[in-house]
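Please keep the sequence and the structure in view while reading.

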Amino acid sequence: MMKRKGTSTRGPRPPTTAAPTEAAGPRPGAAFPIVGIGASAGGLEALEQFLGNIPPHSGMAFVIIQHLDPTRKGLMPELLQRTTGMKIIQVKDRTRVQPDSVYVIPPNKDMSILHGMLHLLEPAAPRGLRLPIDFFLRSLALDQQEHSIGVILSGMGSDGTLGLRAIKEKGGLILVQDPATAKFDGMPRSAIEAGLPDIVAPVAELPAKLIAYLRRPPLRESASEAPLEVKTQSALEKVVILLRARTGNDFSLYKRNTLHRRIERRMGIHQIGKMATYIRYLQENTQELDLLFKELLIGVTNFFRDPAAWDLLRKDLIPALIASRPTAQTFRAWVTGCSTGEEAYSLAMVFKEAAESIDPKRHVPLQIFATDLDRDAIELARRGVFPANIAVDVSPERLAQFFTKDEHGYRVRKEIRDMITFAPQNLIMDPPFTKLDILCCRNLLIYLEPEMQKKLIPLFHYNLSAGGILFLGSAETVGGFSDLFAPVPGKSRLYRRMESATRLEPVEFPSTFSAPIPGGPTRLPAPIASASLQSLADQLVLQRYAPPAALVNDKGDIFYISGRTGKYLEPAAGKANWNIFVMVREGLRYELSGAFQKVLRQDTPVTFRGRESENNPPEQAVDVTIQRLAEPGPLHGLVMIVFADVTLPVLPRLSGRLPKSGPQPPRLAALEHELHKAHEETRITRAEMQLSQEELKSTNEEMQSTNEELQSTNEELMTSKEEMQSLNEELQTVNTELQAKLDELSRSNNDMKNLLNSTDIATLFLDNDLNVRRYTTQATKIIKLRPGDVGRPITDLASQLHYPHLVEDGRAVLQSLVPAEKPIGAADGRWFTVRIMPYRTLDDRIDGLVITFMDITTAKAMADELGDRHASLEKRYARQTFKTKQTRTRSDGPTPGRPLRTTPAGRKPGPGKARPS
């Protein structure tokens with residue numbers, strides 16, 4: 001598919017009625033929509049914006065798929081509950097989807113949906129290679145069909161693109177966030193480049209567009225206008241005319257329902273309620289014609305779709321084809337409707353694997369013609385580059401053998417790319433390819449009218465060589481052309497070309513598919529060749545001397561009639577039916593049926609005698625010879641039925657008793673013939689009744705077995721219903737408890753924050769590795785902390801404290817579990833009491849440290865001042881004491897061995913120098 005630059009709702013605004021301003025859900029009478037939302041990196045913000053713009057009672061259910069860490073508990077429900085009034089539920093296995101609810105995938109699980117119930121599965125892919133969004137969206141497409149809705153938001157990679165392809169194939173709605181508004185545009189851009197979205201818009205605008213689409217008015221006209229059938233047919237024809245004028249392709253041979261459904265989707269996206277309005281919009285906007293053209297092509301495919309059928313091709317059918325062909329012959333294959341090339345490349349890979357399994361050294365040339373109506377898809381197919389998520393459909397062995405990894409994903413290797421020729425082609429208008437060994441036409445016939453299918457199947461038979469393989473889609477069959485194609489045993493839609501007699505109807509080629517143009521040139525019949533003498537003589541012999549005959553298949557369908565068979569065959573009343581058992585006259589019907597079955601069982605000629613009608617004279621009879629043809633060629637396996645009139649001898653009527661021996665009169669012979677015929681009819685009827693009784697008995701046994709299974713299933717369903725009721729109650733209880741705990745945790749967190757801030761004490765929380773876990777605002781005035789420092793080691797942070805041994809003391813507290821306390825000074829002159837304590841959890845487990853910093857600068861200053869005063873008083877007291885001792889010494893006289901100090905004459909002792917009494 002092409003990159004749809006115009007898939008968003010930007011550009012010329014279509015004419016529409018006013019959109020509803022209230023919360024709007026699905027249309028009345030429709031089942032509630034289930035919306036699958038895929039998001040990855042940067043998806044939380046996008047999800048909050050998306051859910052925040054959804055009304056609480058929208059009538060929709062939302063299932064969110066994210067890439068989650070499988071080793072951690074999911075917190076998405078708690079985070080999203082703040083933004084929406086809808087109920088957020090983390091999915092448990094077998095969760096029933098309800099409207100006005102949001103369901104979140106749990107970590108380390110893949111999720112699927114079946115009949116509106118979510119199922120959890122263990123991931124099959126290793127971590128790092130999982131694609132949970134693709135997995136769920138695919139299951140959503142299968143479960144909800146055309147009602148499925150997929151949304152892709154911000155995320156890295158290409159997960160979700162394959163899931164959107166499945167939704168697109170089923171006719172669902174696809175919304176994608178505008179990559180310009182996404183934090184990570186990988187997932188939205190991948191979906192847009194694949195040409196899948198119906199709506200591309202900023203995430204805040206997607207909910208309104210989704211609600212408007214679901215509330216779109218139905219396609220109805222007023223009662224005063226023409227009937228709906230006539231109006232609809234006329235409108236569809238006008239759309240087809242506009243498409244043909246724009247693209248050159250005629251969509252009149254597409255199924256009417258397909259056209260109507262796709263047009264209705266485009267009208268819903270643009271909020272157009274009337275076909276006439278949409279036709280005017282198409283006339284004014286060629287871009288919408290291009291988008292409708294892409295919509296009708298439905299170019300959705302993937303690698304190895306229906307793996308069992310591809311395995312059958314690889315193991316049985318292709319090796320048989322290779323063995324039946326000459327060594328140097330080039331095998332030819334045609335893939336119609338190839339879209340972006342996945343099936344063409346799949347066929348090339350399977351063919352190469354099959355050829356190598358026979359003889360690795362033998363080179364088997366293969367030429368694949370891959371065609372499609374979409375030129376942009378052909379260009380993408382020629383590139384041979386596919387996203388990384390094709391690993392879901394392609395095995396690691398094939399990825400390694402046939403692809404090379406690059407920055408865009410996976411690129412097909414040159415040896416596979418050279419096998420395929422891509423070209424634009426219209427299957428129903430352009431000449432076909434012939435002499436093919438394999439013809440792959442998958443999921444194309446289902447979109448065409450039955451009349452067109454009946455023309456294409458004989459054309460495919462003409463295109464294929466003898467023994468060629470026809471590969472159809474899972475919902476397609478060859479219909480009534482079982483004489484042209486024989487199904488390959490198994491459930492796959494693989495058919496082998498049969499060598500059949502020339503059909504009554506000639507093969508029509510694409511140039512004759514369309515109806516003749518009124519007023520155009522009339523096709524003249526081919527001139528009749530001049531008849532030769534030999535052909536006239538052969539025709540005369542066949543008409544006058546050869547017995548009448550009919551050539552039929554094993555089901556009795558007439559392929560060819562020779563001579564005049566009107567005496568034995570007559571058309572049945574009603575719808576034309578060219579079957580020998582329906583057309584044969586009553587007198588031969590029972591004998592012909594029994595003899596025909598005998599020929600098919602024993603493979604030997606059988607002849608019986610009968611009469612065309614009970615009213616025929618007794619002397620007139622017919623010999624019917626039935627023989628299965630064993631000649632090789634187109635006649636092989638067919639059955640020849642030859643009619644030959646017989647005249648019985650007429651004898652005179654005898655009176656009295658009949659002789660016991662000798663020839664019997666014709667009347668008696670006729671009666672014996674009638675008796676023999678009645679016995680044979682009775683025997684056949686008895687055999688048929690016995691067979692019917694056996695079938696009825698077998699059917700009765702099957703019905704009894706089915707009844708027992710239904711009873712067992714009913715009991716299991718009743719048990720499951722009780723279990724689901726119990727599970728629902730448990731989930732409600734658990735949800736209430738978790739909600740209560742969440743509220744309590746929120747209140748506790750608020751209380752702790754206010755408590756710490758009110759104490760005005762700087763507090764720092766560290767983990768066991770001394771990394772910052774939490775801190776209060778006051779701590780930033782001591783240690784240079786920022787919000788981004790959470791998780792960093794304490795040693796990496798600058799601090800004003802003169803505390804070089806903080807780390808050693810912290811480790812010592814962790815080892816001894818004894819709190820430590822020290823007064824520590826700061827560079828700006830402040831002083832703090834640093835207290836280091838173990839962090840104990842409620843279950844008495846040590847989980848780090850708590851360090852508090854109490855400002856003691858004022859207390860320290862007061863203590864220093866008191867210390868200075870105390871020191872000053874002590875000094876004064878010491879001097880006073882010393883002087884007092886000296887005064888006492890003088891009053892008591894000189895001490896022996898020490899000279900007496902005298903006072904100078906005329907001087908009196910000063911104040912305070914008087915001797916003590």
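Predicted model: local features only at pLDDT ≥ 70, side-chain atom pairs only at ≥ 80, totals over all residues.

## Exposure and the model

A residue is called exposed when its relative accessible area is over 50%, buried when that area is under 20%, and partly exposed in between.

The structure holds 28 salt bridges, and E122 takes part in one of them with K109, where the closest N and O atoms are 2.4 Å apart. The two residues stand 13 residues apart and belong to distant parts of the chain, with E122 in the loop between β7 (117-121) and α3 (132-144) and K109 in the loop between β5 (101-104) and β6 (110-114).

In another salt bridge, the side chain of D393 meets that of R138, at 2.8 Å from N to O. R138 belongs to helix α3, whereas D393 lies in the loop between β13 (385-386) and α14 (396-402), so this pair ties together parts that are 255 residues apart in sequence. R138 itself counts as partly exposed, at 23% relative accessibility.

How far apart in helix α11 are R314 and D311? Both belong to helix α11 (residues 307-324), and because they are three residues apart there, about one helical turn separates them. Elsewhere, salt bridges link R305, D306, E343 and R442 in a network.

## The parallel sheet

Seven strands form an open sheet with parallel pairing, and their order is β3-β5-β2-β1-β8-β9-β10. The strands at the edges are β3 (87-90) and β10 (199-201), each of which pairs on one side only, and from one strand to the next the twist averages 20 degrees.

Within this sheet, strand β2 (residues 61-66) pairs with β5 in the parallel sense over four bridges, and I64 stands opposite V104 in β5. Helix α5 (residues 186-193) packs on the sheet, where it touches β1 (34-39), β8 (149-152), β9 (173-177) and β10, and its direction makes about 135 degrees with that of β9.

## The antiparallel sheet

Another open sheet has five strands in the order β22-β21-β25-β24-β23, and here the pairing is antiparallel. Its edges are formed by β22 (558-562) and β23 (606-610), and each of these has a single partner strand, so one side of each is left without a neighbour in the sheet. The twist from one strand to the next averages 20 degrees.

Which residue in β25 is the bridge partner of A550? The partner is I641, and the strands concerned, β21 (residues 549-552) and β25 (residues 639-647), pair in the antiparallel sense over four bridges. Helix α19 (residues 586-602) lies across β21, β23, β24 (620-628) and β25, and the helix runs at about 25 degrees to β24.

Conventions: Residues numbered from 1 in each chain as written. Heavy atoms only, no water. Pairing = 2+ DSSP bridges. Axes fitted to C-alpha atoms, helices over the stretch in contact; angles between N-to-C directions. Contact = heavy atoms within 4.5 Å. Salt bridge = Lys/Arg side-chain N within 4 Å of Asp/Glu carboxyl O. Buried < 20%, exposed > 50% of the residue type's maximum accessible area, 1.4 Å probe, protein only.
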